[in-house]
Amino acid sequence: MSESVKSTPASHGVARPNLYRAAIVGAASLKAKEVAEMLNERNFPAIDIRLLDDDEALGQLEAMGDEISFIQSVRAEQFEHVDFTFFASGEESTRKSWKRARDAGSAIIDLSAVLENEPGASVRSLWVERERGQIPRLELQPGPCITAHPVAVTLAMLLLRAQKSV
């Protein structure tokens, strides 16, 4: 694996041109396992992916591509120098720790849909944006980015395509 990391707002002045650092909160959940699998399948350029969860899952082994990793505790220091934090955790865990990740400079991707009412939050669906002919701007800061609910995405896609056929 290469030794350089892409420069993002969380890089804190360190030049890292090719790889990111990421964290997945709620690492023992099925959603988090899907995120980890997708990052691996899509060859996400990462130098480090931290698997974080609450006390019940601590120490569990999880596969990250060809590597095995331990699930660690969600603590403020785990978010230091992390470029992206994926929240695939439950409501309580997401609410409890997302601000620590944000304050450490990490871009927040909320897959739990808990943060949609937070100031600066944006609900996004790249599929819908592309269908509308919009070129998606992938700005993930300063507020959290929430993935749109699959049912909302499906309905929006159906409506947009129905409009085109009229």
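1. Buried means under 20% relative accessible area, exposed over 50%, and partly exposed in between, with a 1.4 Å probe and protein chains only. By that rule Leu158 is exposed, at 57%. Leu158 lies in helix 4 (residues 150-165); helices are DSSP runs of H or I with at least four residues, strands are runs of E with at least two, and both are numbered from the N terminus.

2. The model is predicted: local features need pLDDT of at least 70, side-chain atom pairs count only at pLDDT 80 or more, and totals for chains, interfaces and linings use all residues. Residues are numbered from 1 along each chain as its sequence is written, and side-chain values use heavy atoms, with hydrogens and water left out.

3. Five salt bridges are counted, each being a side-chain nitrogen of Lys or Arg within 4 Å of a carboxyl oxygen of Asp or Glu.

4. One of them joins Arg50 to Asp48 at 2.8 Å, N to O. Arg50 is buried, at 16% relative accessibility, whereas Asp48 is partly exposed, at 23%.

5. Arg95 and Glu118 also form a salt bridge, at 3.9 Å, N to O. This pair links distant parts of the chain, 23 residues apart: Arg95 is in helix 2 (residues 91-103), and Glu118 is in the loop between strand 7 (107-110) and strand 8 (122-124). Arg95 is partly exposed, with a relative accessible area of 42%. Glu91, Arg95 and Glu118 are linked in a salt-bridge network.

6. Between Arg102 and Asp103 the closest N and O atoms of the salt bridge are 3.0 Å apart. Arg102 is partly exposed at 32%; Asp103 is exposed at 59%.
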